[in-house]
Amino acid sequence: MKIAIIGVGSVGSAVATAVKNTGLAHEIVLYDRDGIRARAAAEDLGHASAFSYDIKITAVSNYRAIRGSDIVIVAAGANQKPGETRMDLLHKNTAVIQDIIPRVIDNVDPKNVKIIIVTNPLDVMVMLAQKLSKLPASRVIGTGTMLDSARFKIILSHQLGISTRSITSYVLGEHGDSSVVNWSSVSIGGIALDDFCKQSKISLPQTTRRTIEHRVKNAAYEIIQGRGATWDGIGGAVADLLHAIINDERRILTTSIVDGIGKNAVAMSLPRVVGERGVLMNLRSKMSAEESANLRKSGKIIRRNFDLI
């Protein structure tokens, strides 16, 4: 399995480390416009591989070297700065994706390659990448709300005193400020959240739920304020997505792909079955009327921002 990573700044480097640590790749190719940075990252990661998996890791200065890649991960672009929203990156990163995707497609097998998008604003960049690549939507995959859903699960785990492995919980819609915390579908060991709370005598009132929502939606801003960027979490999300694809796990993940036709097409996160061929099935989780309305609003925001570019 050959995996190419485009962009090895703080986020791309964390993604490269996470990919290396999966042990699923026999070769990792790092491309960055800054050749010195790419070579340094490849050398450092190569040294680290001596303690884990025997992987060929190279830095490249042209796109021809990504030929033969089964998966291309796009992590290039401007990072979110303190005080910025993901949408503040819209026009900066549109130019980045417009430059990268045609070059990638010219050097990969379009019949088989999967492209994973990490660049923000993620859902809009997924739409742009799919349009430029002309690949099936099922093979242009954004990490979407995988990280948001993980944050929700972690917070619930602490609140309920239950392992994350026993919790099913989703954040849907935009990977951004209009995301929808899907309380209606939360289950603990297959038991609906409200029933679990009754059985375990745990109180989870609306005030607490609103606090949890705030923490989920603002986690990235708090991390950026403290360390300048978020990278470990997204690296973990990419690694999890790779496991599902490469091992054909057919696991349900909240990934972002383009769904719909024409002006109704939009990329946003829903529970989706992911396997070797990419996204295999779209699912609809249980939702309240309010959650459904908010999901529609989220989709309209994403589509409106895509239309701006």
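Visitor: In which helix is the place of glutamate 291?

Guide: The model is a predicted one. Glutamate 291 lies in helix α9, which covers residues 289–307.

Visitor: What makes glutamate 291 a residue with no salt bridge?

Guide: The nearest side chain of opposite charge, that of arginine 209, is 7.4 Å away. A salt bridge requires a side-chain nitrogen of Lys or Arg within 4 Å of a carboxyl oxygen, so glutamate 291 has none, although this residue is buried.

Visitor: Why is the link between the side chains of glutamate 291 and asparagine 182 called a polar contact?

Guide: The two side chains are joined at 3.1 Å. The cut-off for a pair of N or O atoms is 3.5 Å, and therefore the pair qualifies as a polar contact. The side chain of glutamate 291 also reaches the backbone nitrogen of tryptophan 183, at 2.9 Å.

Visitor: Which residues are in contact with glutamate 291, leaving aside its neighbours within four places in sequence?

Guide: They are Val180, Val181, Asn182, Trp183, Ser184 and Lys286.

Visitor: What makes β12 and β13 paired strands?

Guide: Pairing requires at least two bridges. Strand β12 (residues 251–259) and β13 have nine bridges in the antiparallel sense, so they count as paired. Within this pairing, serine 269 of β13 is the bridge partner of serine 256. Their hairpin has six residues between the strands, and glycine 260 takes a positive phi near 105° there.

Visitor: How do you know that β13 and β14 pair?

Guide: Four bridges in the antiparallel sense join β13 to strand β14 (residues 278–282); the requirement is at least two, so the pairing holds. Valine 274 stands opposite valine 279 in β14. This hairpin has two residues between its strands.

Visitor: Why are β7 and β11 called edge strands?

Guide: The open sheet has three strands in the order β7-β10-β11, with antiparallel pairing. Both β7 (167–168) and β11 (191–192) pair on one side only. Between β7 and strand β10 (residues 187–188) there are two bridges, and threonine 168 stands opposite serine 187 in β10.

Visitor: How does the span of helix α5 stand against the expected value?

Guide: Helix α5 (residues 146–160) has 15 residues and reaches 21 Å from its first C-alpha to its last, close to the expected 21 Å. Glycine 161 follows α5, with a positive phi near 70°.

Conventions. Residues numbered from 1 in each chain as written. Predicted model: local features only at pLDDT ≥ 70, side-chain atom pairs only at ≥ 80, totals over all residues. Heavy atoms only, no water. Buried < 20%, exposed > 50% of the residue type's maximum accessible area, 1.4 Å probe, protein only. Lys, Arg positive; Asp, Glu negative; His and termini not counted. Polar contact = N/O pair within 3.5 Å; in protein donor to acceptor, adjacent residues only side chain to side chain. Contact = heavy atoms within 4.5 Å. Expected span 1.5 Å × (residues − 1).
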